[in-house]
Amino acid sequence: MIDPTTPIDVAIIGGGPSGLAAATTLKAAGVARVVVLERESEAGGIPRHCGHPPFGAREFKRIYTGPAYARKLVQTALAAGVEIHCLTTVVQAREAGELLLAVPEGEQVINARRVIYATGVRETPRSARLLGGMRLQGVLNTGALQSMVFLKHMRPFKRPVIVGTELVAISAISTCAHAGIRPVAMVEPDPRPTARWPFTLYPRLKGVPLHLNTRPVAIHGDKTVSSLEVEDADGARRHIDCDGVILSGMFTPESTLGRMGHLEVDPATGGPVVDQFGRCSDPVYFAAGNLLRPVETAGWCWDEGRRAGARVADDLAGRLPEGIETVPVSVQGPLLKYVMPQRLNLKVSRGKDVLQLRLNDIAKGRIIATSGGNIVGQWSVNSRRERRILLSVSRLDQSAIAGPVTLTFTPA
Amino acid sequence: MTINSTPYDVAIIGAGIVGCAMARRFTLEGARVVLLEKATDILDGASKANSAILHTGFDAPVGSIEVGCIQAGHEEYRQIYRDFGLTLDECGAHVVAWSEEEVAKLEQIQQQAVDNNVMDTRLITGDDLRKVEPNLSDRALAAIAIPRESLIDPWSSPYAYLQQSLMNGGEVILSCEVTGGRFDGSEWKLETTQGLVRANHVVNCAGLYGDLVNSSVFGQAPFTITPRKGQFVVYDKAASRLAHSVILPVPTARTKGIVLFRTVFGNLAVGPTAEDQQSRTDSSIDTETLQSLMAAGEAIVPALKGMPVTATYAGLRPATEFKDYQISADAANNWITVGGIRSTGLSGALGIAQYTYGLYRDMGADHTALTDPAIPTARVLTDTANRDWKEKDHGEIVCHCELVTRREIEAALSGPLAAKSLAGLKRQTRVTMGRCQGFFCSARLAELTEGHFVIPMAEGVDK
């Protein structure tokens, strides 16, 4: 139960790297009551179950394993005077900062002057991938596997196939090694792995055969998994014998509260629509971290959390600049996956403001911003899919912006 | 080994929705009942996947056993659901015509409803339909409104039926497959994987295996089951505000077609397909079919485009070569076969049980009905209800997407119907059935269910 007698200045939904960084920053800025609402039994977020380094370089200038890093974040927040409430689930986020909570004692409603929404991401499950075959136990996302191995010292299978080659798939291999699980294969529909070199060397190092141009089609088995059916680029199908499937990556923001509530959600990022201050469509709500878009490292989210904390402290003090004009920003065409923030307050933009983008495929060329028929900005890009692209807002000719800004890609 | 020294009055084979309702009816009528189920958990065959709709029978074949059972079952459900703490979401349904040809068929459908004594249907225009269903595609030309079509909880209901049987003296034996049997003119000795079960009468409600059970005993069966697979796509809870009523198509000769419906758990789903197959276990789904279901859903409600998918599943309906239910009594052998309950079992179950008890009485058996039977308290899993997380001492919320508490999980892991599989636990609690499908809670669940499941979620690793 959260003490209802003292007013809550800021409630933060989610005690992962971005939420804890925001909370710590708010306390450092002199905000009186900052409350972190964490639904798990301990705060720390996803790093809690990443039992491997490297975490913390940006934040603490040294390298930790995930759990040690999570503890360090929690200690730092507590030392700064942040209240952390675990086993506290936000069931509904309502207008004017009213939150319906499930706490061990039952239901509770609290009110906060500002809310920072920092619920992070999760991997796409089997269902949303529309993967075929039987519904069996032993088909898990990496996050579930990590929790089983590092938090519960359990293993759900011994010879799984890993689907995907994002950075988290590398973590899957490392997690398996920790629990004596020997992945029989790693499959990737694309012609090249998603993670950067040198991580792509890791599967071979660990003796896990990497199958590129290989799309998972169906999971087979009677009571338990017996094989994963895959299809190659020519459409030929075969079975890989295994006793489980790790569905890695394809991260999606955990934006349920926004989707079910009153906040606008961007279908492209899957996260809430925000302006360059991280402010949502209801200005009482801010957002930070991987909820904003899939997916960045813990260190990046921590930094976003810090900035969100600073902006909210400014806002509470009446120092957050209001835009004279606010324009929507969106992407067009098949190559551009998303842009975040989705709104810009013009004429108050700071030099540091950036637009975050990603591509759906490898490409080299120019991103062109148009507004009301005018070209208002250009940036050259050379990127692969799922790599962070940052476009400086200072390159936009703000005086030429007349209405919504659209970003398109022109190949070189 | 013989399990019981005194024969049961009735052995019921198969703890699907029909078997659970059957156990309840026979118990309430005063019979000593045993329910035999081959799986580790009840509701593990055809009953594990359906559309969770309580039908009125408006579109059932006129004069069929099916329509009688649906209507009696619907009526009895309405009589008992409040006392049991079950749900009834009276959302109504619309049979929507999307072409002029279909518009022409609406009158005939309405006449069929009248012939089935469903008198409260109304023919409405596309505009009137969109007033009550504003998110429906503007291609909808006209519709028949059927007000009493409703949504119920497809698992808590049969659990409660069986619980009432157990509370009033009924018994259930799980992991108990019937492999054969002998009738000596007055008593059956059923051979099962747990030993011999003695009973005076047998009711075969074995669903997808109904013909095989009859064959194992008599060498033949009055019908052949050809499983009909139905695939479904369940959307995120945010989609549930896009439709209020059940949206039905104008049916074809073979199937009721693709239905768009809410669930009492707060989701919106689309399905089922109708794919005949030989396998009684293959409930596999396939990407192309799921995509076609989503396209069908988006054609009905365009705003579904881009809506996240929460779950995908398939169920098997025990179809036979006949259109109607296949319920028959073999008086010479004290045996009743209840088969071919292909798609309306949830609606019909209580009515099927009444009808079957009638056949049983006609065979000369009779008992004194219980005067004041104990009434069970069903699990409350409905999205809008007073769920356990709202109460104190629920322990913790384990499944965050569906707000399932540790206390709910521990309750489902104990007692005579304790979950012995993850699938069984899901049906009893909804754990992992939400949008993350176990990303956040699988590890905690593996820990909480350790030692409870026949196939464990995970095994311990030495540190």
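Here are a few questions and answers about this predicted model.

Q: Why are α2(B) and α8(B) called roughly perpendicular?
A: The axes of α2 (residues 65-84) and α8 (residues 345-362) of chain B cross at roughly 105 degrees. Angles of 65 to 115 degrees count as roughly perpendicular, so α2(B) is roughly perpendicular to α8(B).

Q: How do you know that α2(B) and α8(B) meet?
A: Their axes come within 6 Å. As for residues, those of α2(B) that meet α8(B) include I65(B), G68(B), C69(B) and Y77(B), and on the α8(B) side there are, among them, L350(B), I352(B) and Y355(B). Contact here takes C-beta atoms within 7 Å.

Q: What makes up that helix contact, in terms of nonpolar, polar and charged residues?
A: The contact of α2(B) with α8(B) has 9 nonpolar, 8 polar and 2 charged residues.

Q: What makes up the side of chain B that touches chain A?
A: Chain B puts in 43 residues, against 44 from chain A. α7, β17, α11 and β22 of chain B each give two or more, and β17(B) gives the most, with 5 residues. By type, that side of chain B has 20 nonpolar, 12 polar and 11 charged residues.

Q: Why do β10 of chain A and β22(B) count as paired strands?
A: Pairing needs at least two bridges, and 2 bridges join these strands, so they qualify. The two run antiparallel, and M154(A) has G460(B) as its bridge partner.

Conventions:
Residues numbered from 1 in each chain as written. Chains lettered and ligands numbered in written order. Predicted model: local features only at pLDDT ≥ 70, side-chain atom pairs only at ≥ 80, totals over all residues. Axes fitted to C-alpha atoms, helices over the stretch in contact; angles between N-to-C directions. Helix = DSSP H or I, 4+ residues; strand = E, 2+ residues; numbered from the N terminus. Parallel < 35°, antiparallel > 145°, perpendicular 65-115°, else oblique. Contact = placed C-beta atoms within 7 Å. Nonpolar A, V, L, I, M, F, W, Y, C, P; charged D, E, K, R; others polar.
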